[in-house]
Amino acid sequence: MDPAENLTIRQPDDWHLHLRDGDVLSAVLPYTSAHFARAIIMPNLVPPVRTSADAEAYRSRIEEQIPGHHDFTPLMTLYLTESTDIEDLKAGAESGLVKAVKLYPAGATTNSDSGVRDIDKVMPVLEAMAAIDLPLLCHGEVTDPSVDIFDREAVFIERVLEPLRKRLPELRIVLEHVTTRDGVDYVQSASSKQAATITTHHLMIDRNHIFKGGIRPDYFCLPIAKRSDHKTALRKAATSGNPKFFLGTDSAPHPSRDKYTSCGCAGVFNAANTLSCLAQLFEEEDALGHLEAFTSLNGPAFYGVPYNENRIRLRKTEVPVTYPAEIQVGEDVIKTFDPETDLFWEVVKDDTN
Ligand code: NCD
Ligand code: ZN
């Protein structure tokens, strides 16, 4: 086979994933565990995953649903609140259970009501995290209603992130799902303690997709997709090989009935076709050689965990790859991210593992 048509890489990890709970968890998890070795699991359940005991119980519920032939490790996070208990967090981190803490500015996104209103109130927790080198994962948007939705990331950097970095330069911080050139430039010029995840869909769509021919709730997510020149900056960062940028799919399933309403939920479910999308766009950017860095090397290096030893093979196909356009959960359906283009890369599990 022509090596240009095949690419073998270390097994990827997903550094930002929503798995939910119950029936949705069991329906969506196999799409991630089929391809990914590990994933950082977002804690925005209702109620959120706030304590080490919550995280341990949630991890068990996830582990119960991993198909027997998949080898997958959920990496747990805690949801930062103004009453997070430092001793509990330290114990969770020291035992290896808790891998990071998630900062949601209160009201920023789906299930973020218990998030942080006043960063001063969580400074002691952040100081304790810096001391034990536990990363802070930021949903990087301000919630001030006077700030335009398209500016909320840039304003978060100015009002929250940079002041926090100055106060606690030793804290490891990930700007999650970066969506703007401002975010890319900021992370690029920051210290090695700062990194960013980039989602699959923000590399493929811009804000016009949300309004093409009518309103398209399937493309509504937070942070909202920005202008196309921001997407260009994200693609450049992701495909550059720069160790500060790594994959966090932000696969965030919602039943269509919760999206197609007068106040629809934000989130895109992309676990089922993420690697096909990524291989295709790295090929388009003439950067297939950097795909492994983005999906499988930069994340582990930042989190200080070993690379995966298993490999996966991506194979160029002549006919478009197939994936479910939607998945059924009870009476509900969850739509898969539609990249509005055929995909010609499929994942083949390497039998030499
Ligand atoms: C996420 C969700 O649905 O939980 N939605 C989204 O649009 N990304 C929450 C989040 O990560 O903001
Ligand atoms: Zn998310």
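A charge is said to sit over a ring if NZ of Lys or CZ of Arg is within 6 Å of the ring centre and within 35 degrees of the ring normal. The structure shown is a predicted model, in which local features need pLDDT of at least 70, side-chain atom pairs count only at pLDDT 80 or more, and totals for chains, interfaces and linings use all residues. Residues are numbered from 1 along each chain as its sequence is written, chains are lettered from A and ligands numbered from 1 in the order in which they are written, and side-chain values use heavy atoms, with hydrogens and water left out.

Two arginines meet the opening definition. The charged end of Arg-172 sits over the ring of Phe-302, 5.0 Å from its centre, and that of Arg-207 sits over the ring of Phe-150, 4.8 Å from its centre.

Rings may also pair with one another. Rings of Phe, Tyr and Trp (its six-membered ring) pair if their centres lie within 6.5 Å; planes under 30 degrees apart count as stacked, over 60 as edge-to-face and the rest as tilted. By this rule there are nine aromatic pairs. In one of them, the ring centres of Phe-246 and Tyr-303 are 6.4 Å apart and the planes stand at 65 degrees, so this pair is edge-to-face. Phe-246 belongs to strand S9 (residues 245-247) and Tyr-303 to helix H10 (residues 291-303), so the pair ties together parts that are 57 residues apart in sequence. Helices (H or I, at least four residues) and strands (E, at least two) are DSSP runs, numbered from the N terminus. Both Phe-246 and Tyr-303 are buried, a term for under 20% relative accessible area, with exposed over 50% and partly exposed in between (1.4 Å probe, protein chains only).

Phe-282 lies in helix H9 (residues 274-284) and Phe-294 in helix H10, twelve residues apart. Phe-282 and Phe-294 are both buried.

A nonpolar core is a set of buried Ala, Val, Leu, Ile, Met, Phe, Trp, Tyr and Cys residues joined through side-chain atoms within 4.5 Å. The largest has 92 residues, and Leu-126 and Leu-136 have the most contacts inside it.
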